[in-house]
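Open your viewer and get ready to click along. We will go from one stop to the next, selecting a few residues each time.

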Amino acid sequence: MSELTYLSLGTNLGDREANIRRAVELIKQRVGEVVRCSSLHVTEPWGFSSSNLFVNAAIAVQTELSPWQLLETTQQIEREMGRQQKSSDGIYHDRIIDIDILLYGDLTLSTPTLVIPHPHMQEREFVQKPLQEILDTKSSIT
């Protein structure tokens, strides 16, 4: 069964706009049809200090993948794009790409490795602004 999922994308290393575009392309190939994309938002780092600003976006994807397959696939994309370490225990780092699952249909899930809806999305403006944009309109990254 196909589910509409919402993902958050962020990057603050290298060609940030190209990183977002590449992640979206890989998501199209491996996850499903990208039905909406927000504009790109430049934001300050959240939760750590860095001189590198972030570029963030949100996308809506129609997928046949289960939540666990989606998590595995997005983490594989992050590794292939060069992400070497995931944030853990509130310790954040600069990153070439970060892909977070925000929403997966109407599912609520809470496990040690996957929580849906994303537990911190309400407190992060860099997630809320792009997400609200695609919930309100049919935007696209050009």
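Begin by selecting the two helices α1 and α2: they pack at an angle of about 140°, and their axes are 11 Å apart. Keep in mind that you are looking at a predicted model. Are α1 and α2 parallel or oblique to each other? Angles over 145 degrees would count as roughly antiparallel, so at about 140° this pair is oblique. Their crossing is right-handed.

Now show the side chains where the helices meet. On α1, pick Arg22, Leu26, Ile27 and Arg30; on α2, pick Thr73, Gln76, Ile77 and Glu80. Sorted by class, this contact has three nonpolar, two polar and three charged residues.

Next, stop at Val31, in the loop between α1 (16-30) and β2 (32-37). Is Val31 buried or exposed? Its relative accessibility is 6%, so Val31 counts as buried. Beyond its close sequence neighbours (up to four places away), Val31 is in contact with several residues, including Leu26, Val61, Leu70 and Thr73.

For the next stop, select Leu7, Ile27 and Ile59, which touch the most other members of the largest nonpolar core, a group of 26 residues. Helix α1 gives this core its largest share, five residues. Zoom in on Ile59: among the residues it touches are Leu7, Val24, Ile27, Val34 and Ile134.

Finally, look for another core, apart from the largest one; it has 10 residues, among them Ala58, Leu103, Met121 and Phe126.

How values were computed:
Residues are numbered from 1 along each chain as its sequence is written. This is a predicted model: local features need pLDDT of at least 70, side-chain atom pairs count only at pLDDT 80 or more; totals for chains, interfaces and linings use all residues. Side-chain values use heavy atoms; hydrogens and water are left out. Helices (H or I, at least four residues) and strands (E, at least two) are DSSP runs, numbered from the N terminus. Buried means under 20% relative accessible area, exposed over 50%, partly exposed in between (1.4 Å probe, protein chains only). Contact means heavy atoms within 4.5 Å. A nonpolar core is a set of buried Ala, Val, Leu, Ile, Met, Phe, Trp, Tyr and Cys residues joined through side-chain atoms within 4.5 Å. Axes are lines fitted to C-alpha atoms, for helices over the stretch in contact, and angles run from 0 to 180 degrees between N-to-C directions. Angles under 35 degrees count as roughly parallel, over 145 as roughly antiparallel, 65 to 115 as roughly perpendicular and the rest as oblique. A crossing is left-handed if the near helix is turned anticlockwise from the far one by less than a right angle, and right-handed if clockwise. Ala, Val, Leu, Ile, Met, Phe, Trp, Tyr, Cys and Pro count as nonpolar, Asp, Glu, Lys and Arg as charged, and the others, Gly among them, as polar.
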